[in-house]
Amino acid sequence: MSGDESARVPRDVPVPTLRGRRWLLPSAVAADLDPDAERNGRSGRPRRTVRDWIVDFGCFLLAVGVGIAAANTLADDPNTPHALAVADQWIGALACAAVWLRRRWPLGLAVALIPVGLISTTSGGAGLVAVFTLAVHRPFRYVAWIAGAQLALLPAYFLLRPDPDLSYPVALAVTVLLTSAVVGWGMFVRSKRQLMLSLRDRARRAETEAALRAEQAQQLAREAIAREMHDVLAHRLTLLSVHAGALEFRPDAPREEVARAAGIIRESAHEALQDLREIIGVLRASDSDDGGRPQPTLAALDGLVAESRSAGMKVVLDNQVADPDAVPASVGRTAYRIAQEGLTNARKHAPGTEVTVSVRGAAGEGLTVSVVNPAPSGEVPSVPGSGQGLIGLRERASLAGGRLEHGVEEGGGFRVVAWLPWGVAGP
């Protein structure tokens, strides 16, 4: 295969080297399969392998053998002058020597041997080797032009130099058949090489696609863990901030109240560290940790509201689901996270307001979760990273097969409403 080969393999995909088997392959194929293959100086051509030397020497011997057979035919032909026979043999010898250049200039050698074949019978073997090399190393359009030119000149050649042993039709038919067989053989070898390279190309592409799929799956897992960290830690840390702020602005508070706030801060910090350890454990471990704490579901919503109330928030819970345990775990977990994020956002952006958490729905109708808070009474400083939690909630709802909407109400309040699918249980 040469530089204009149509079947090319990308070089940027790592493949195993062929140092132990390179001598069994053609140099062009080995160079395509092994990017570290040795090359010849400035030309950049791959070095001949042991197989190349054997094949080149065999082609040279074939050209010489055909030339010797043609020379013996000329010696027995009384119609050929001695001087013409000697010149024919010298030209044939040079053509046989030129066979060693077939890998470097396959097209040039084949073109040069067309006029040589018209004046030298002993160069016929070299011409066949050149056509075969051209069929192996170049696309079919080059082979068609060269072989077509040779076949078109055959009738004139046998008219000028008839074969002493064969009649004109037989000699013409044998030569056409032999040239066609050589072209077909060369194209077959070329197709085998292209097939080998295409299979290696497919293997490389499969490895690359597998690596990309693994990387994409890892990225999706990291994004899910990041959403989990945001939902969990943001809730815990806002509780810490609320209680720490109360201690800061009420240094003269009663001792019991200070101790209670300090206990809540300690407990919230412990819970935050525990959640962080679990998430980091998921990052480090290959399998899920079954010994960790169970994920919260809709049944844990009362505890979430009680925890927010203990931090000083005004929360109204309107839970119209008769049996929270009947809600599927994945749906209940998503609803819990939506309510948790809504309370966290209300605590950050609308402190002191009354937040209403509503949950309603039934099997077959779906589950609707809403968190509504009015506008804050005073100026509230902006919080960095605002909006990231809502993006994560929308992705959670979408992955669960539902939808989530949020926006500012007419009076300046904020509403988060999500609908999650809750199918009817099977028999």
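## Kink

Helix H4 has a kink of about 30 degrees at Leu113, shortly before the proline Pro115. The bend at a residue is the angle between axes fitted to the seven residues ending there and the seven starting there.

Helices (H or I, at least four residues) and strands (E, at least two) are DSSP runs, numbered from the N terminus.

## Buried side

Pro106, Leu109, Ala110, Leu113 and Ile114 are the buried residues of H4 (under 20% relative accessible area, 1.4 Å probe, protein chains only). These residues pack against helices H3 (82–98), H5 (124–137) and H6 (140–160).

## Packing with H6

The axes of H4 and H6 are 10 Å apart, at an angle of about 5 degrees. The two helices are therefore roughly parallel (under 35 degrees). H4 contributes Leu107, Ala110, Val111, Ile114, Gly117 and Leu118 to the contact, and H6 contributes Tyr142, Ile146, Ala149, Gln150, Leu153 and Tyr157; contact means heavy atoms within 4.5 Å.

## Whole chain and basis

The protein chain has 11 helices and seven strands. Of its 427 residues, 37% count as buried.

Residues are numbered from 1 along each chain as its sequence is written, and side-chain values use heavy atoms, without hydrogens and water. In this predicted model, local features need pLDDT of at least 70 and side-chain atom pairs count only at pLDDT 80 or more, while totals for chains, interfaces and linings use all residues.

Key
Buried < 20%, exposed > 50% of the residue type's maximum accessible area, 1.4 Å probe, protein only. Axes fitted to C-alpha atoms, helices over the stretch in contact; angles between N-to-C directions. Parallel < 35°, antiparallel > 145°, perpendicular 65-115°, else oblique.
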